[in-house]
Number of protein chains: 2
Amino acid sequence: MRRVYSSDFLCNEVTKLLMDVPEVVVNRLPQYVRALRQILEDGSEIVSSQLLGQTLQMTPAQIRKDLSYFGRFGKQGRGYNVRYLVTELQDILQLDHEWNIAVVGVGRLGRAIISYPGFSPEGFKVIAAFDSDSRQVGQSIGGLIVQPMDELADTVRQKGIQIGIVAVPAAQASDVVERITSCGIRAILNYAPVNPLVPPEVKVRNIDPVLSLQSMTYYLRSGDTGSTSN
Amino acid sequence: MRRVYSSDFLCNEVTKLLMDVPEVVVNRLPQYVRALRQILEDGSEIVSSQLLGQTLQMTPAQIRKDLSYFGRFGKQGRGYNVRYLVTELQDILQLDHEWNIAVVGVGRLGRAIISYPGFSPEGFKVIAAFDSDSRQVGQSIGGLIVQPMDELADTVRQKGIQIGIVAVPAAQASDVVERITSCGIRAILNYAPVNPLVPPEVKVRNIDPVLSLQSMTYYLRSGDTGSTSN
DNA sequence: AAGGGTTTGTGAAACAAGTCGCTAGCAGCT
DNA sequence: AGCTGCTAGCGACTTGTTTCACAAACCCTT
């Protein structure tokens, strides 16, 4: 079947790609991917924004709007072809790539991260580990030899590392982030309890369970659910 | 020193406490606490919103507005007394309490969480561990005896557990969250890669490093920083 | 005691995000 | 083929969040 596109339409599509997408929207895309894969596994080839919204607890409108930032993936009256939408989203997020990761800090947390089995199936490969403690250097952890910090820049270049994971104590975190960014790495997953200052082209995601807990305790005021008041 | 408050003023304060604070604001409070503690350690007793904003990479206006949801903690022309502001924020967030936590799932991740030394100094005490796998039950991990799931409700009541941490595989996560909430727990830190559905009075914070990574790779398009183009 | 230099707290303005309502288009049935 | 029910895409609108701008208040110096 042959299709005709108006110049208006094409122009619109180009504009979309150039127009920068709100970060909140980008942050939701991986959730869509995950949900869609699940739906596919459950045997559905087609899904409506309505249904997807139900499983993700979002409004259908939000899902449609989010997707519309990137293109037109659905069919009116029918919904989205799950298989197609997943591949499109994976493409947008570049999830088909293999991403090479260096972990800095091989204390308890760093070791847990290196051995975490959830990264690899998603294409995230931890292929190098560093530590500033010379007693750790040379040790083998999960098949990796811990390297000294001053090999960071060379290894990043040689092995094509694009992502850094920071798992050092708070005191060293800022320095480590600085060193990582100066190697040209533009994506950092930071487990240290600090908000590192980075140049604008670098993305940082902070993971700090203590902050998460501390923001929940605000809501834990005596609602006294559970026991019968009598 | 004796103070006089206008009824207007008092009414305003009461309104503030009743008025619900945006969740984004509450989520920033722990960051303020952390930064302020650091500032105190560095020897400053007084801090301006300007300076605090610099260390946290926020605008001074945002900090002032956030704090104004809860009261008036500063002095014009001077700034905030750090010690006082910290204690006020800790009070608001209820950080002086000891919070009892149960971890569900004692696989690799669950064990790491139980042994994580960062919770205890902040008043978060992991005092119980559960697993549905009978081979795990009875084992000792970090001083805790792993209990079977059907002891959950009783233990929560007996030991006054207010927070649950979920560290089970994705497939079991929804069930586990359901069981935890049905014990009356209203705060859950979820490490499983799912968005559990909970009643509105329950707060959930999801921690999923894969989602964080996947949202960063969107931005890792060929900016080709690093090598000199010539 | 008065003046200058700061800085808070806060309504108003600007901006961003999310929702609504409608149109156009598709599938399946009669 | 036409009708019915459904659903994406999208502009308009609503809601929520951040920033601005300025009066009131405070310290310190003179």
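Me: In chain B, which residue's side chain meets that of B:Arg28 in a salt bridge?
Reply: In this predicted model, local features need pLDDT of at least 70, and side-chain atom pairs count only at pLDDT 80 or more. A salt bridge requires a side-chain nitrogen of Lys or Arg within 4 Å of a carboxyl oxygen of Asp or Glu, and here the N to O distance is 2.6 Å. The partner of B:Arg28 is B:Asp66.

Me: Why does this pair tie together separate parts of chain B, and how many residues apart are they in sequence?
Reply: Helices (DSSP runs of H or I, at least four residues) and strands (runs of E, at least two) are numbered from the N terminus, and residues are numbered from 1 along each chain. Because B:Arg28 lies in helix H2 (residues 23–41) and B:Asp66 in helix H4 (residues 60–68), the pair joins parts separated in sequence by 38 residues.

Me: Is A:Lys203 buried or exposed?
Reply: A:Lys203 forms a salt bridge with A:Glu23, their closest N and O atoms being 3.1 Å apart. Buried means under 20% relative accessible area, exposed over 50%, and partly exposed in between (1.4 Å probe, protein chains only). With a relative accessible area of 16%, A:Lys203 is buried.

Me: Which residue of S3(B) stands opposite B:Val47?
Reply: Two strands pair if DSSP finds at least two bridges between them, and S1(B) and strand S3 (residues 79–81) of chain B pair in the antiparallel sense over two bridges. Within S3(B), the residue opposite B:Val47 is B:Tyr80.

Methods
Chains are lettered from A and ligands numbered from 1 in the order in which they are written. Side-chain values use heavy atoms; hydrogens and water are left out.
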